[in-house]
Amino acid sequence: MLTVNAIAAPSATGPLGPVTITRRDVGPKDVLIQIRYAGICHSDIHTVRGEWGPVAYPLTVGHEIVGEVAEVGAEVSKHAVGDRVGVGCMVNSCRECENCQAGEEQYCLNGNIGTYASVDRDGTITQGGYSTHVVVDEDFVLKVPESIPYEAAAPLLCAGITTYSPLRHWKAGEGTRVAVVGLGGLGHMAVKLAHAMGAEVTVLSQSLRKKDDGLRLGADHYYATSDPATFTDLARRFDLIINTVSAPLDLDAYLGLPRLNGTMVNVGAPPEALPIHVFSLFGQRTSFAGSGIGGIRETQEMLDFCAEHGIASDVELISADKINEAYERVLASDVRYRFVIDVSTIG
Ligand SMILES: [Zn+2]
Ligand SMILES: [Zn+2]
């Protein structure tokens, strides 16, 4: 086993701080990655604070990981020492169920193994990317194109694929109108990706505070949801609404916005249940949906799409001693648009 430096949460309430953790020995199909950067996802905060259920402490989170291959197992064929690689939200799955066979490992019927806080095959609890090294099966390691700067690539592994996958599934593109609810880590990627796919993009944000940013990122229109006129002006306008907000919303109001056969898909995850009137779905044969990350093949497709279109995440780089402060700023929506940890400052 390898002992490596990491940052961990000691409990649901204690501040994150430096620790050492162990990584398994590099197996025949494993890749050892020297992590360079790790993004801070809202899910990290929900998880360490126990808001999505109990977890074992101490826990190292982080599932937006980029770095270099430092060592490969004897049977590894997809990656070589020195390659630029990434790891997202999962590190394994059963590979045998129909969803895995279809390349939708995120929907593994036997449960995919999350990058952190999951029970790994050897019975240990997986530990995430706020760490100097990680050992991952080669099939769950992505190639990060050279043209994407490392730190700006990290958030693509969660925020990027989480928005790319529903945009593709519901066929955003030329001639479609896409609304993005919330301009945070997920939302700013949804805007860039939908714009690059050729859709007409509208941001729906609480206020007009980030309007200039929204337009710069690729939005065609920008509306404040605090203004009730927004919901009448935009009634029956959109083919697809991507809701990135992980806090309660008046869903019935938003369900007045899709046009015939339109869909509202949720990728933000509020801990509490939200009410909805089924009547809101009848008028325009509206679909209300959810989507979780993307498969490995689609994640690679997303990275290649970003390289081809010259897009990546807008990031604020921080050192490891600023993680607790960054968490508070994420919760206050005070980040443009993703915090990324410089992993060289860990340890
Ligand atoms: Zn995430
Ligand atoms: Zn499976």
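Me: Which residues coordinate the zinc ion (ligand 1)?

Reply: Keep in mind that this is a predicted model, where local features need pLDDT of at least 70, side-chain atom pairs count only at pLDDT 80 or more, and totals for chains, interfaces and linings use all residues. Residues are numbered from 1 along each chain as its sequence is written, chains are lettered from A and ligands numbered from 1 in the order in which they are written, and side-chain values use heavy atoms, leaving out hydrogens and water. Donors are N, O and S atoms within 2.8 Å of the metal (3.2 Å for Na, K and Ca), and with water not among the atoms, sites may look incomplete. At 2.0 to 2.2 Å, the zinc ion (ligand 1) has C41 (SG), H63 (NE2) and C158 (SG).

Me: How many residues apart in sequence are the parts that H63 and C158 tie together?

Reply: The donors follow the spacing C-x21-H-x94-C. H63 sits in the loop between helix 1 (42-48) and strand 4 (65-72), while C158 sits in the loop between helix 3 (150-153) and helix 4 (159-169), so the pair ties together parts that are 95 residues apart. (Helices are DSSP runs of H or I, at least four residues; strands are E, at least two; both are numbered from the N terminus.)

Me: Is H63 buried or exposed?

Reply: Buried means under 20% relative accessible area, exposed over 50%, and partly exposed in between (1.4 Å probe, protein chains only). Of the 347 residues of the protein chain, 55% count as buried. C158 is buried, and H63 too is buried.
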